[in-house]
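Work through the exercises below with the sequence and the model at hand. Each task is followed by a solution in steps.

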2 protein chains.
Amino acid sequence: MDEREAQAAIAGHRARIDEIDCRIVELLNDRAALSLEIRRLKPQVHWGLYDPKREEEIFANLSSCNKGPLYGENLREIYSAILHVMKELQG
Amino acid sequence: MDEREAQAAIAGHRARIDEIDCRIVELLNDRAALSLEIRRLKPQVHWGLYDPKREEEIFANLSSCNKGPLYGENLREIYSAILHVMKELQG
C-alpha cells in the first residue's frame, strides 16, 4: 500500500468511526431515558436510589457480551464514566 | 401504577438497558478495531500518533448527532474515557 492509499484507508476508517460514534450517542441517550424513567419509578417501590447490586449486574453483563479487542478493564473504565453521568443526570 | 406494576416496569427497563449495553460494547469493539488499524497505517503516512485536530473533529461529530436527553458535557465526559482507552490500546 503506498502513501496515498494509506491516507485514503485512514480517511475511510475515520468516517466509519464517526458513524459508530453517532450510533453510540443514540444508544447512550436511549439508555439515559430508561435510567430517568427508573429514577421516577423508584420511590413507588421503596428502593434506595443507589443500588450496588445492580451495578455488579451491569458489569457482569458487559463481561458476558465482550468479544474483544477491548479488555474487561477497558470496558470498566468506560462504564465508570457512563454510570457516573447517568447518576448525575438522575440528580 | 401500584407497587407490583412499578417493579415489573423497572425490571423491563433494566433488561432493555442490558441489551443496549451489549450493543454499545459491540460498537466500542468495532471502534477499537478501526482505531488499531489506523494506528498500524499511521507510520506509512508520516503522521504523528497524537492528533489534536482529529480529537476536535470527534467532539464536533458527537455534538452534531446528539438529540438528548444527555447534554454535550455528559458526552464529553464519557468520550474522554473512551478516547483514553483507545489511546492505551494503541500502545
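Predicted model: local features only at pLDDT ≥ 70, side-chain atom pairs only at ≥ 80, totals over all residues.

**Exercise 1. Disulfides**

Task: Find how many disulfides the structure holds over all chains, and state which cysteines each one joins.

Solution: 
- Step 1. The count over all chains is two disulfides. A disulfide is a covalent bond between the sulfur atoms of two cysteines.
- Step 2. One disulfide joins Cys22(A) to Cys65(B), with S to S at 2.2 Å. This pair crosses between chains, from helix H1 of chain A, which holds Cys22(A), to helix H2 (residues 52-65) of chain B, which holds Cys65(B).
- Step 3. The angle about the S-S bond of Cys22(A) and Cys65(B) is -95°, and the link is left-handed.
- Step 4. A disulfide also joins Cys65(A) to Cys22(B), with S to S at 2.2 Å. Cys65(A) lies in helix H2 (residues 52-65) of chain A and Cys22(B) in helix H1 (residues 3-41) of chain B, so this pair joins two chains.
- Step 5. The link of Cys65(A) and Cys22(B) is left-handed, with -95° about the S-S bond.

**Exercise 2. Accessibility of the cysteines**

Task: Decide whether Cys22(A), Cys65(A) and Cys22(B) are buried, partly exposed or exposed.

Solution: 
- Step 1. The cut-offs are needed here: buried means under 20% relative accessible area, and exposed means over 50%, with partly exposed in between.
- Step 2. Cys22(A) has a relative accessible area of 23%, so Cys22(A) is partly exposed.
- Step 3. Cys65(A) has a relative accessibility of 18% and therefore counts as buried.
- Step 4. Cys22(B) has a relative accessible area of 21%, so Cys22(B) is partly exposed.

**Exercise 3. Packing of H1(A) on H3(A)**

Task: Describe how H1(A) and H3(A) pack, giving the angle, the handedness and the residues in contact.

Solution: 
- Step 1. The axes of H1(A) and H3(A) are 10 Å apart, and the packing angle is about 45°.
- Step 2. The two helices H1(A) and H3(A) are therefore oblique to each other.
- Step 3. The crossing of H1(A) past H3(A) is right-handed.
- Step 4. From H1(A), the contact is made by Leu28(A), Arg31(A), Ala32(A), Ser35(A), Leu36(A) and Arg39(A). From H3(A), the contact is made by Tyr79(A), Ile82(A), Leu83(A), Met86(A), Leu89(A) and Gln90(A).
- Step 5. Sorted by class, the contact of H1(A) with H3(A) has eight nonpolar, two polar and two charged residues.

**Exercise 4. Packing of H1(A) on H3(B)**

Task: Carry out the analysis for H1(A) and H3(B), in chains A and B.

Solution: 
- Step 1. Helix H1 (residues 3-41) of chain A and helix H3 (residues 72-90) of chain B have axes that come within 12 Å and cross at roughly 120°.
- Step 2. That angle makes H1(A) oblique to H3(B).
- Step 3. H1(A) and H3(B) cross in a right-handed sense.
- Step 4. In H1(A), Asp21(A), Ile24(A), Val25(A) and Leu28(A) meet Leu75(B), Ile78(B) and Tyr79(B) of H3(B).
- Step 5. By class, the contact of H1(A) with H3(B) has six nonpolar, no polar and one charged residues.

**Exercise 5. Cis peptide bonds**

Task: Locate the cis peptide bond from Gly68(A) to Pro69(A) and the one that joins Gly68(B) and Pro69(B).

Solution: 
- Step 1. In chain A, the peptide bond from Gly68(A) to Pro69(A) is cis, with omega near 10°. Pro69(A) lies in the loop between H2 and H3 of chain A.
- Step 2. In chain B, Gly68(B) and Pro69(B) are joined by a cis peptide bond with omega about 10°. Pro69(B) lies in the loop between H2 and H3 of chain B.

Definitions and conventions
Residues numbered from 1 in each chain as written. Chains lettered and ligands numbered in written order. Heavy atoms only, no water. Axes fitted to C-alpha atoms, helices over the stretch in contact; angles between N-to-C directions. Helix = DSSP H or I, 4+ residues; strand = E, 2+ residues; numbered from the N terminus. Parallel < 35°, antiparallel > 145°, perpendicular 65-115°, else oblique. Left-handed = near helix turned anticlockwise from the far one by under 90°. Contact = heavy atoms within 4.5 Å. Nonpolar A, V, L, I, M, F, W, Y, C, P; charged D, E, K, R; others polar. Disulfide = S-S within 2.5 Å. Buried < 20%, exposed > 50% of the residue type's maximum accessible area, 1.4 Å probe, protein only.
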